[in-house]
Amino acid sequence: MNEPSKIDYLLEEIVTLPSLPSTVTRLTRLINEPDCPLSEVSKAISVDPALSLKTLRLVNSAFYGVKNKVTSIEQAVTLLGLKVIKNLVFTASVFETLNSGTGLFLMHSVACGAAMRLLVEAVPMGVPVEPDDAFAFGLLHDVGKIIFEEFLPKEMDQARRLAQEQGLPSFEAEGAVIGADHAEMGARLAQSWKLSDEVVDAIAGHHQLERCGAPELRKAAALLSIADFQCIACGLAPPPRRGARVDEEMWAAAGITSVQIAPIVDRFMDQLPDVFELAKLAS
Amino acid sequence: MIAWQKQETAYVGKVQLADGHWCKVVLVGARTNPQGAMVVVAGKGGEAVKPRPFADCVAAFTPDTVMEVYCTQERAFGDRGLEPPDLP
């Protein structure tokens, strides 16, 4: 009989994964129903005043580009449609989870969401991931770190020191100290939240492509790795940063070459004011 | 990542080319300046050959090097509120 993996051991003995707020679960269920009435969706969001407020703040941020101020959830639902609203509410509730991280962690997650969205727009995916969904990939890619910080703070300190001293990427240092890394843990959380296979696989594979269950999802994981690296290169990530890298196989899987980088960087830089605003609203 | 060093107002990094050779990338100005990032390659006898604008030779570098050079240039000389480049 195979021994249970370290991640299974951690989940059984040490870690309790946070559940997704009931509003989001209910909303996801509603939106997936055929002929879901918009009024029901508005009601489902409105029962949670804090989430409603945060959702409205996000709708009105420059990042979402809505011209006239949106003042009610009903208006937001009508104006933006179910899919965008689902992503917005999800983003708002994930921000609550990420808030237990440092300010720079939240900034990194938001910036990575924006970078991923731009990459998906720039590079034909070959997998069904839309730009609005892509933001959630970036937002969640490091959520496993939050779990580790909560349940294994000393080990995470040790992993950070190791990464800094030896110039290792964070996932390698976590693997050496904890026996599992944030990508594995994040993927398990996404799975427990019943997020799509695309999100789960991209989170799992964003440092090691072979962890993607479905080969066709490798491109999404590779793009996520590149988005992550871009934010780190911009200093939009908590230290240590010196061990960050994107392997050749990631670039090949993403289909991005050196000569395509300049416009990708330019678009990200142009988006930075919106990213800063969004991160501020999220905190 | 590249270990940048500050030399007066410039940032200098030893960088590997895609073919395995090494060179220096010198950041002296913003992206809008075509000569804001320059590449210095040692000649056959070890002497430095004429510096070339980085933007003219991106194909000789790996994509992560190109991305890091552009992002670091923005951190060093841009006006978008990014923190200065990491130094060892």
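Phe63(A), Tyr64(A) and Phe135(A) come together as one aromatic cluster in this predicted model. Across all chains, a search of the whole structure turns up six aromatic pairs. Here is a friendly tour of two of them, both in chain B.

**Tyr11(B) and Phe77(B)**

- The ring centres of Tyr11(B) and Phe77(B) are 6.3 Å apart and their planes stand at 80°, so this pair counts as edge-to-face.
- Tyr11(B) belongs to strand S2 (residues 10-16) and Phe77(B) to helix H1 (residues 63-77), so the contact ties together parts of chain B that are 66 residues apart in sequence.
- Tyr11(B) is buried, at 6% relative accessibility, while Phe77(B) is partly exposed, with a relative accessible area of 25%.

**Phe54(B) and Tyr70(B)**

- Phe54(B) and Tyr70(B) make an edge-to-face aromatic pair, with 5.6 Å from centre to centre and 90° between the planes.
- This pair links distant parts of the chain, 16 residues apart: Phe54(B) is in the loop between strand S5 (52-53) and H1 of chain B, and Tyr70(B) is in helix H1 itself.
- Phe54(B) is buried at 0% relative accessibility, and Tyr70(B) is buried too, with a relative accessible area of 6%.

**A charge over a ring in chain B**

- Tyr70(B) has a further neighbour in Arg31(B), which lies over the face of the tyrosine at 3.9 Å from the ring centre.

How values were computed: Residues are numbered from 1 along each chain as its sequence is written. Chains are lettered from A and ligands numbered from 1 in the order in which they are written. This is a predicted model: local features need pLDDT of at least 70, side-chain atom pairs count only at pLDDT 80 or more; totals for chains, interfaces and linings use all residues. Side-chain values use heavy atoms; hydrogens and water are left out. Rings of Phe, Tyr and Trp (its six-membered ring) pair if their centres lie within 6.5 Å; planes under 30 degrees apart count as stacked, over 60 as edge-to-face and the rest as tilted. Helices (H or I, at least four residues) and strands (E, at least two) are DSSP runs, numbered from the N terminus. Buried means under 20% relative accessible area, exposed over 50%, partly exposed in between (1.4 Å probe, protein chains only). A charge sits over a ring if NZ of Lys or CZ of Arg is within 6 Å of the ring centre and within 35 degrees of the ring normal.
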